[in-house]
Amino acid sequence: MVDLKTKNENEKLIIKSPSQVDREASPSIEKSTVFETKNFDLWYGDHHALKDINLSIKENEVSAIIGPSGCGKSTYIKALNRMVELVPSARTTGEIIYRGRNIFDASYEVEELRTRVGMVFQKPNPFPKSIYDNIAYGPRIHGIKNKKILDEIVEKSLRGAAIWDEVKDRLNQNAYGLSGGQQQRICIARCLAIEPDVILMDEPTSALDPISTLKVEELVQELKDNYSIVIVTHNMQQAARISDKTAFFLNGEVVEFDNTDKIFSTPTDQRTEDYISGRFG
Amino acid sequence: MASHGLEKGQSVQQLIAQSRNKKGKKIIEKSMPILLIITALISVFTTIGIVFTLIFETFEFFQRVSITDYIFGTEWMPFSGNEPTYGILPLVLGTLKVSVIAALVAVPLGIAAAIYLSEYASDKARRIIKPILEVLAGVPTIVYGFFALTFITPILQQLIPSLKIFNALSPGIVVGIMILPMVASLSEDAMSSVPNSIREGALALGATKLEVSLKVVLPAALSGIISSVVLAVSRAIGETMIVSLAGGATPRFDFNVTDSIQTMTAYIVQVSSGDAGYGTTIYYSIYAVGFTLFIFTLLMNLLAQYISKRFREEY
């Protein structure tokens with residue numbers, strides 16, 4: 001993986017935010033691995049949905065997952081926080097190592113994993129509660145009751161999701177009164193409120209208009225300074241715009257996983273080229 | 001139409017035109033709406049008729065008994081030979097005792113059952129349990145009545161020795177069991193209609209199943225749950241057979257639940273099945289009591305409607 005960090009990657013450093021450069025220039029050049037997926041297979045009943053996946057997701061990067069419908073990309077990120085277990089027929093083999101521990105270990109509590117690995121869904125799904133209660137929900141269930149601390153968390157999270165200015169005067173109104181794009185940013189803020197390590201995004205802009213999409217994309221760029229992000233997207237331009245690494249999934253397999261620049265300029269696999277050039281999918 | 005297939009040169013459109021021009025069809029088309037309106041009006045007029053009779057006879061009652069004595073009176077002794085008194089409060093209190101006990105039984109159990117059915121039960125368990133619950137709702141109330149009198153009361157007497165044969169506690173518990181399926185079933189409907197995406201949102205934040213059920217699904221379904229409770233309680237208020245059989249016939253102005261009581265409905269049964277002559281004050285009193293009962297259930301129903309509108313969660 002190291003030798004793949006070619007000139008392209010180094011040039012990109014120049015336009016990155018100062019904090020990013022500082023960290024990348026720090027002694028540990030090699031970014032640490034957040035998720036290491038090893039020989040991972042997943043079945044829904046008889047359907048072999050993911051086949052021998054090997055992927056490694058790095059810290060403070062945006063990793064995009066692209067591929068045609070039904071290729072298993074959503075299934076893969078839902079495996080990363082074990083949401084896939086909500087499907088009763090799902091079963092898995094292989095390992096997904098999160099920060100040194102296999103998340104499928106019997107001793108790994110799923111609530112603990114999901115507290116560290118947040119998720120933003122395809123369709124905005126705020127709770128039918130006030131904006132404030134939406135954001136405070138996560139901290140509250142994890143035992144934070146102090147009103148002052150909650151106030152701080154709510155403001156910080158809403159600012160972090162770039163929606164504070166739009167909603168600061170109506171925190172007590174129902175979140176369903178907001179537009180779709182605003183709702184999605186509320187969901188991102190809700191996720192930020194418990195300060196996770198990783199944020200999984202499952203086609204977060206597919207239900208949004210272009211302007212809202214742009215806002216969410218800009219937000220993803222800002223968030224990667226503090227979070228590792230895995231984003232599934234149907235939109236290849238989006239992957240090209242916002243991600244550092246891209247994985248191309250096809251029929252449940254990883255065809256190619258590399259730096260985004262490389263995938264979109266000189267892919268090694270013919271199928272990747274066919275897909276990104278719009279020949280299918 | 002004794003035709004054998006299409007005749008030569010005859011098109012389907014011609015056949016349709018022939019049929020369209022038939023007289024009978026036009027008459028039926030015109031007259032059906034009128035018939036349908038009449039059937040709809042029958043139920044409307046019946047309701048109006050009942051309410052009108054109630055009001056009319058109640059008015060007659062209040063010619064003989066002062067309305068303030070009726071509303072604020074604490075003694076209900078219509079059968080007292082020399083000086084009958086008609087103070088409704090003891091009967092209202094009897095009804096309230098039974099309804100409150102019933103609600104205390106049905107609301108927690110019903111909502112707990114709804115949470116189980118909607119959030120925890122497997123499809124298979126739900127398919128078995130829900131119909132059983134609905135059978136419980138179909139048991140005739142007279143059966144519940146002697147169940148209360150001959151089964152629940154003796155058991156309760158073991159626990160509370162001072163409990164009388166006729167009391168408020170036993171029918172209250174049994175009315176609670178009767179309305180439990182209503183609370184459970186309607187609340188389960190309300191909780192099941194909360195979209196899954198919202199549950200997933202909470203699970204993805206690291207919430208446990210119980211936290212999702214109690215802090216997301218339950219509040220989201222609150223309007224449906226509250227209106228199910230209000231509807232069930234209004235059924236408890238109007239319940240007759242159980243309280244007639246197991247509650248007794250002693251109107252009492254106190255908050256004691258171990259003694260014999262009389263509810264509004266039980267009083268009406270007592271008079272209707274007795275030999276109160278037409279035109280007597282006692283005869284008119286059942287209309288006044290019936291009207292009072294009607295006001296109670298009407299208010300409960302309006303409350304249920306208001307609540308389900310007011311607290312409707314949008315999702």
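**Helix packing and chain contact in the predicted model**

In this predicted model, the axes of helix H8 (residues 196-203) of chain B and helix H9 (residues 209-220) of chain B come within 10 Å and cross at roughly 145°. Axes are lines fitted to C-alpha atoms, for helices over the stretch in contact, with angles running from 0 to 180 degrees between N-to-C directions; helices (H or I, at least four residues) and strands (E, at least two) are DSSP runs, numbered from the N terminus. The crossing of H8(B) with H9(B) is right-handed, the term for a near helix turned clockwise from the far one by less than a right angle. On the H8(B) side, B:Ile198, B:Arg199, B:Ala202 and B:Leu203 meet B:Glu211, B:Val212, B:Val216, B:Val217 and B:Ala220 of H9(B), where contact requires C-beta atoms, placed from the backbone, within 7 Å. These residues comprise 7 nonpolar, no polar and 2 charged (nonpolar: Ala, Val, Leu, Ile, Met, Phe, Trp, Tyr, Cys and Pro; charged: Asp, Glu, Lys and Arg; polar: the others, Gly among them).

The contact between the chains takes 18 residues from chain B and 21 residues from chain A. H8 and H9 of chain B each supply at least two residues of the side that touches chain A. That side of chain B has 9 nonpolar, 4 polar and 5 charged residues.

The unreviewed UniProt entry places the feature "transmembrane region" at six spans of chain B, including residues 168-186 and 216-237; such annotations may be inferred rather than shown by experiment. Residues 168-186 of chain B are 95% helix and 0% strand, with end C-alpha atoms 27 Å apart. Residues 216-237 of chain B are also 95% helix and 0% strand, and their end C-alpha atoms lie 32 Å apart.

Beyond its neighbours within four places in sequence, B:Ile242 contacts residues including B:Tyr144, B:Pro171, B:Val174 and B:Met178.

Chain A contains 12 helices and 10 strands. Of its 281 residues, 44% are buried, that is, have 20 or more other C-beta atoms within 10 Å of their own.

Residues are numbered from 1 along each chain as its sequence is written, and chains are lettered from A and ligands numbered from 1 in the order in which they are written. Local features need pLDDT of at least 70 and side-chain atom pairs count only at pLDDT 80 or more, whereas totals for chains, interfaces and linings use all residues.

How values were computed:
Two residues are in contact if their C-beta atoms, placed from the backbone, lie within 7 Å. A residue is buried if 20 or more other C-beta atoms lie within 10 Å of its own, exposed if 12 or fewer, and partly exposed in between; C-beta atoms are placed from the backbone.
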